[in-house]
Amino acid sequence: MTQNTPLSPRLPRLPLHPEDVAHRVLSAAQLRARGVSAAQTSAQCLPGGPWQHLLPGVYLLHPGPPTGRERLHGALLYAGRPPASARRAPAGPADAGYGESMVTGVAALALYGFATAGDVEALHRIDVVVPRTRRLRSTRFVEVLRAASMPRAVRVGELPVAPVERALADAVAGTVDSACVRRLLTEAVRDGHCEPAAVVRELSEAKLLGRPAVVGAVDSLLAEGRTVAEARLYAMVREHGLPEPLWNVELRLPGGPPLGGVDAYWPDQAVAVELDARAPRYGAPGRRGRAEEDPRWSAHAAKREHLERLGITVVHLSPRKLREAADQQATVVRTALMAAADREPAAYVMVLPR
């Protein structure tokens, strides 16, 4: 018997396509929508039968072991099934059956292509996030995570997946291995999946920043983020034909105190570029929107104001802007350089290596 052979003359012909996971794994509601009764489903799942009971209310329509993709699809069907009070409503044959559920944690990172997360086929556990109001238990290879506020899902293929930052936080919450946490966070920034600030914000809201496995990893994350941002700045200058600046220098008034370091400086035009690769600082972990005053931010603002009083134009760039709109940022820098001719001459400053 092949996977395309009708399973029984008493059953409706089901469109089983070996290349389509959605036709190999179906929920009880989807089977009913296709004309298969509960009794018929149970008969097909008897020992030695052609189907398997993969998860509660979820069936694998072939006798072999499930693939990683089938397990992911089954996990979403299990987590997305409606509450018992709503299950009488018929599901359409084309209904994906995922509800609001989405893949998160290591499984989501594997779908995003994280090398550290491993291959989808090798996953031993699949985390899915559902609304907090759902009464649903973890079972077999599915770990159910409840969220007071659901993130907006990202489609990876046909699967709803939590955003990278949220998936990282859920993966970090499930491991105590400092090296693994560091590898995950570093890969997220190094390979351009997300910005350090967004990761730290999510870790803070999940109350994970104080964990021993996370503390050192966040420092590595921010250092990696700065390295990546500097590389993007170098590329922006060269690829968009901007004049070559003095890179990574310290400015100082003659005989006076340091004015602070900048990432790029054009002395003839008195234009400086500063990268902001810092992460925001938050108050009580897990309390959304409660940012507290950080002395580093105050010092940053004071330095910028001081430089501008001296006639030095400071262009502030973020790693995210460099990643998503490098051409626009190059235009901003070029405009500042061109406007130098119309400004009063800046104060003389010494430029030292940093």
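Predicted model: local features only at pLDDT ≥ 70, side-chain atom pairs only at ≥ 80, totals over all residues.
Student: Are helix 8 and helix 9 roughly parallel or roughly antiparallel to each other?

Tutor: Two packed helices are described by the angle between their axes and the distance between the axes. Helices here are DSSP runs of H or I with at least four residues, and strands are runs of E with at least two, numbered from the N terminus. Helix 8 (residues 196–205) and helix 9 (residues 212–239) have axes 9 Å apart and an angle of about 160 degrees, where axes are lines fitted to C-alpha atoms, for helices over the stretch in contact, and angles run from 0 to 180 degrees between N-to-C directions. Since angles under 35 degrees count as roughly parallel, over 145 as roughly antiparallel, 65 to 115 as roughly perpendicular and the rest as oblique, the two helices are therefore roughly antiparallel.

Student: How do the residues of the contact of helix 8 with helix 9 divide?

Tutor: Contact means heavy atoms within 4.5 Å. Pro-196, Val-199, Val-200 and Leu-203 of helix 8 make the contact with Val-214, Val-218, Leu-221, Leu-222 and Gly-225 of helix 9. Ala, Val, Leu, Ile, Met, Phe, Trp, Tyr, Cys and Pro count as nonpolar, Asp, Glu, Lys and Arg as charged, and the others, Gly among them, as polar. The division is 8 nonpolar, 1 polar and no charged.

Student: Are helix 7 and helix 9 roughly parallel or roughly antiparallel to each other?

Tutor: Helix 7 (residues 178–190) packs with helix 9 at an angle of about 25 degrees, and their axes are 8 Å apart. Helix 7 and helix 9 are therefore roughly parallel.

Student: How do the residues of the contact of helix 7 with helix 9 divide?

Tutor: The helix 7 side includes Val-181, Arg-182 and Leu-185, and the helix 9 side includes Ala-217, Ser-220 and Glu-224. The contact divides into 9 nonpolar, 5 polar and 3 charged.

Student: Which strands are the edge strands of the open sheet of 5 strands?

Tutor: Two strands pair if DSSP finds at least two bridges between them. The sheet has the order 12-11-10-9-13 and mixed pairing. The strands that pair on one side only are strand 12 (313–317) and strand 13 (350–353).

Student: What angle does the direction of helix 9 make with that of strand 11?

Tutor: Strand 11 (residues 271–275) runs antiparallel to strand 10 (residues 258–266), joined by 3 bridges. Helix 9 packs on this sheet, touching strand 9 (246–252), strand 10, strand 11 and strand 12; with strand 11 its direction makes about 145 degrees.

Student: Which helix lies across strand 1, strand 2 and strand 3?

Tutor: These strands form an open sheet in the order 1-3-2, with antiparallel pairing. Running at about 10 degrees to strand 1, the helix across them is helix 4 (residues 68–80).

Student: Why is Ala-299 described as partly exposed?

Tutor: Ala-299 lies in helix 10 (residues 295–309). Buried means under 20% relative accessible area, exposed over 50% and partly exposed in between, with a 1.4 Å probe and protein chains only. Ala-299 is partly exposed because its relative accessible area is 48%.

Technical notes. Residues numbered from 1 in each chain as written. Heavy atoms only, no water.
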